[in-house]
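Take a walk through this model.

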Amino acid sequence: MKLLVTGGAGYVGSVCAAHLLEAGHEVVVLDDLSTGHRDAVPSGATFVEAELGAGADEVLGAGGFDGVLHFAARSLVGESVTEPEKYWSGNVVASFRLLEAIRRHAVPRLVFSSTAATYGEPDQVPIPESAPTRPTNPYGASKLAIDHMITSYATAHGLAATSLRYFNVAGAHVAGDTHLGERHTVETHLIPLVLQVASGTRESISIFGDDWPTPDGTCVRDYIHVDDLADAHLLALQHSTAGDHAVYNLGSGHGFSVLEVVETCRSVTGHPIPAVVAPRRAGDPAVLVAAGHRAAEQLGWKPSRTALARIVADAWEFARGR
C-alpha cells in the first residue's frame, strides 16, 4: 500500500512508519516539525515538511494513496486546560481539513491515533469500548470530537475508518541501527521522567499520592509497548471496512503502579532513583486499565511485549543512545 503518515516525525508516528516500511509499504511522512524531529523519520520514507491541512491536501492530491494514518496532534493535557484554543484548532480543525482532503481525493482508509483520555474517569475497570466517553480536559475532548467527525465521514462517504484508543504508550523501537523513542520538549510520561533521574538530568521523581485505593497506595496504569501499538495499526489497515468506523482500546489489560515502575527502572538502570511523595493531582483516577477483548477478537491483536522490564529496558537503551 501507499500510505500517508501524519505526525510521522513524532514518537508513535515514527515507530509506526518504521513498521510500515518493514512490512513493505510505501510511506510518505507529513510533519511540520513543531514537536517532531527530522531525524526520527525512518530511512526509506518520503518526508514532506508542511502543516497538516494544506500539506495533506497537496500530498494526497498526487493520487495513488491507499490510506492515511493520522498521528499529528497536540497532546499535553495541562496545556489543553490553559490554552484550549490550540487543541480545538490544532487537533479538531486540522483533522477536519485532513478528512476533507481524504474525501476530495478518494482515499479509502483512515487509522486515527485516539486516546483513553476520551473516557475520563471510568465507572468500571478494565475499561471497555462501550464505556461512557466523558473527557475531563480539552485534549481528551478534542480527540473525542475527531472520533465523532470520523464516524460521520465513514457513514456519509464510505470511508473505512479505525480509531485506536491508546492507554500508556512506552518503550522504544530498537532494531539494528534504528532507535526510535520518546523525546518530548515537555515530558509528562512517567517512564521517561524516571529515566531522566537515572541519566542525571533530573534529581528525583515525584509520586503524586501514596494513599490511593490500590495495593501499594500509588496510581495504577496500563502500559503498552510502542512496537505492539504499531502492530495494531498494521492490523487495522487490513481489517477496516468501507462505511464503518471501528473503535478499539489498545492496552495490555494489566496495570502497574507508579512504585512498580520506579522499582523496575531502578533494577534495569542500576540507579537508586530517589522518589519524593507529592500531593495527589486533581483529576487523576486511581486505576486505568484497558479491556482489550475487541481488538483481540476483531483484529487478531494481542500485545507480546508486556513485561514491564522489557518496556523499560528498550526505553533506557534509547535514552542512553541519544
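Neighbours within four places in sequence aside, Ser113 is in contact with His70, Phe71, Lys143, Leu164 and Tyr166; contact means heavy atoms within 4.5 Å. This is a predicted model: local features need pLDDT of at least 70, side-chain atom pairs count only at pLDDT 80 or more, and totals for chains, interfaces and linings use all residues. Residues are numbered from 1 along each chain as its sequence is written, and side-chain values use heavy atoms, with hydrogens and water left out.

Ser113 sits in strand E5. Helices (H or I, at least four residues) and strands (E, at least two) are DSSP runs, numbered from the N terminus. Is Ser113 buried or exposed? Ser113 is buried, at a relative accessible area of 7%. Buried means under 20% relative accessible area, exposed over 50%, and partly exposed in between (1.4 Å probe, protein chains only). Leu69 is 44 residues from Ser113 in sequence, yet their C-alpha atoms are 7.7 Å apart.

Now the sheet. It is open, with 7 parallel strands in the order E3-E2-E1-E4-E5-E6-E12. Two strands pair if DSSP finds at least two bridges between them. Strand E3 (46-49) and strand E12 (245-250) are the edges; each has a single partner strand, so one side of each lacks a neighbour in the sheet. From one strand to the next, the twist averages 20 degrees.

Strand E6 (residues 160-166) is joined to E12 by 6 bridges, and the two run parallel. Thr162 has Ala246 as its bridge partner in E12. Leu164 has Tyr248 as its partner there. E12 is mostly covered, with 6 of its 6 residues buried. His245, Val247 and Asn249 point one way from E12, while Ala246, Tyr248 and Leu250 point the other way.

H4 lies across strand E1 (2-6), strand E4 (67-70) and strand E5 (109-115), at about 170 degrees to E4. Helix H5 (residues 138-157) touches E5, E6 and E12, and its direction makes about 155 degrees with that of E5. Axes are lines fitted to C-alpha atoms, for helices over the stretch in contact, and angles run from 0 to 180 degrees between N-to-C directions. Within H4 (residues 84-104) is Glu100. Glu100 is buried, at 15% relative accessible area. Its side chain makes a polar contact of 2.8 Å with the side chain of Arg103.

Which residues have the most contacts inside the largest nonpolar core? They are Val12 and Leu250, in a core of 39 residues. A nonpolar core is a set of buried Ala, Val, Leu, Ile, Met, Phe, Trp, Tyr and Cys residues joined through side-chain atoms within 4.5 Å. Elements that each supply at least two residues of this core include helix H1 (11-22), helix H7 (226-239) and helix H9 (293-299). Domain 1 (2-169 + 224-250) and domain 2 (172-222 + 253-321) both contribute residues, so the core lies between them. Not counting residues up to four places away in sequence, Val12 touches Phe71, Tyr166, Val169, Val226 and Leu229.

The domain bounds come from an automatic or database domain assignment. The centres of domain 1 and domain 2, taken over C-alpha atoms, are 23 Å apart. Their contact takes 36 residues from domain 1 and 32 residues from domain 2.

Finally, some backbone details. Most residues other than glycine have a negative phi, and most peptide bonds are trans. Ala106 is not a glycine, yet has a positive phi of about 55 degrees. Ala106 lies in the loop between H4 and E5 and is exposed, at 62%. Ile273 also has a positive phi, of about 50 degrees. Ile273 is in the loop between helix H8 (258-269) and strand E14 (275-278), and is buried at 0% relative accessibility. A cis peptide bond, with omega about 0 degrees, joins Val125 and Pro126. Pro126 is in the loop between E5 and H5.

Definitions and conventions. A polar contact is a pair of N or O atoms within 3.5 Å; within protein, one must be able to donate a hydrogen and the other to accept it, and residues adjacent in sequence count only if both atoms are side-chain atoms.
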